[in-house]
Amino acid sequence: MNELIRGFGILLRRFVFSSHAVTRNPPFIRDANNVQRIWNYFVIASLPSCLIGLWSLGHQTNLAIADFGLADVPGWRAWLLVETGTGFDPWSMTDCIAHGALYFLPIFGVALLVGAFWESIFAVFRRKPLDEGLLYIAWFYALMMPAAAPLYQVAHGMAFGIVIGKLIFGGSGRYLVNPALLGIAFLVFSYPELMFGMGAWVPVAGYDQPTALELVSEEGGLGVLAAVDYHLGDLFLGDQPGAVGVVSVLGAVIGALFLVWNGVASWRVIAGAMGGLIAVALIGNALAPEHPLLSIPWYWQALLGGFAFGTVFIATDPVAGPMTDPGRWGFGLMVGVLTVLMRLGSVSSYEAVIFAILLASLFSPLVDYVVAECIIRRRRKRLTELRGVGDG
């Protein structure tokens, strides 16, 4: 028990700092980046998405409270806001961010504690050092969760994602699919009402506000968005119902620039995903101009759902994606193409891109293998030609 407590404490201290282990045997690589710092870069890059998402969540919630004319808002969050002198003004940035944070922080805290528990258990029984990456997994898992999610479901999904998605494969650098994404996918099947039920995205009892993608899919095209006063600018900024980290395309763009500038994420994956989405959207516009989804212009497809968030922060996972540059192009194309195709059979806010990335991740080793074989064959052919010239 003492070892478990000690391991838990060490794990908490290693959220920000890297391992103290020193490589004793060659080869040696001198670089400022290490595993923990790479994951921290992803967390830092997602902060704009998180802040905009907290404001959006609080804004949508406070608007619902104003629509209902609630003079006495129930719940401990409302009590805490009143006690701290914060109100429910939907046009106050402070009020909105504070209200959104009171929904996000408990989810993140539970995800962090559950992940730390399982990391400590595996470290003790395997008698190995604690692994990196917990902060990254818990953070992005929380960013994709609905605000009204029961905490026991949060714990259930996080446990499945980190154990089945990461720890049984040996930890960071060895898993097949992104653990945070796997946890969300597990919840989609285990608790469908979590993301499909009434009031899933705006946590006010009796208030049901579907996402923009749900409106387009269920009600029939972009006309319904105009009818409810949704504009391109709203979707780009993030003023819409949805998960905290997913709603803002602007936040994802800022995060992409940060990750690519620091060399942490591959711009080829992002460009490939965008190219795949544009190609399928243009083909759909030409072949099915009356279809509610396929008739949508490509720039609307890019703004709807969680495509931007998933492409920038999840598809660029350096572990689950391909290692070769041509493979990254192919991986990105696969994500973009599958996102649009999977939207045809799905009306939820963003799980189309979830399953697109999961499926593409399963094929990433095969993609790298094909690329490597093509390179080997090309070099063998070139070598044979050079030998023929030399013999001549």
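The accessible surface of the protein chain amounts to about 18,700 Å², and 66% of it belongs to carbon and sulfur atoms; areas here follow the Shrake-Rupley method with a 1.4 Å probe, and for residues only the protein chains shown count as cover. The model is a predicted one, in which local features need pLDDT of at least 70 and side-chain atom pairs count only at pLDDT 80 or more, while totals for chains, interfaces and linings use all residues. Residues are numbered from 1 along each chain as its sequence is written, and side-chain values use heavy atoms, with hydrogens and water left out.

The protein chain has 18 helices and 0 strands (DSSP runs numbered from the N terminus, with H or I of at least four residues for helices and E of at least two for strands). Of its 392 residues, 51% count as buried (under 20% relative accessible area, with exposed over 50% and partly exposed in between, for a 1.4 Å probe and protein chains only). Among contacts (heavy atoms within 4.5 Å) between residues at least 6 apart in sequence, 76% join residues at least 24 apart.

Beyond its neighbours within four places in sequence, Tyr 141 is in contact with residues including Ala 111, Met 158, Ile 184 and Leu 187.

On a 1 Å grid over the protein atoms alone, a cavity is a set of points where a 1.4 Å probe fits but cannot get out, and lining residues have an atom within 4 Å of a point; grid points are joined across faces, edges and corners, and the volume is the space filled by probe spheres set on the points. The second largest cavity has a volume of about 50 Å³. Of its 11 lining residues, Met 144, Gly 306, Phe 309, Gly 310 and Val 353 are the closest to its centre. Helix 16 (307-314) and helix 18 (351-391) each give two or more residues to this lining.

Helix 18 also carries Phe 355, which is partly exposed at a relative accessible area of 22%. Leaving aside neighbours within four places in sequence, Phe 355 is in contact with Ala 185, Val 188, Phe 189 and Met 342. Phe 363 lies in helix 18 too, and counts as partly exposed because its relative accessibility is 37%. The C-alpha atoms of Phe 363 and Phe 331 are separated by 8.3 Å, although these residues are 32 apart along the chain.

Note on methods
1 Å grid on protein atoms, 1.4 Å probe; cavity = no way out; pocket = protein on both sides within 12 Å on 5 of 7 lines; lining within 4 Å.
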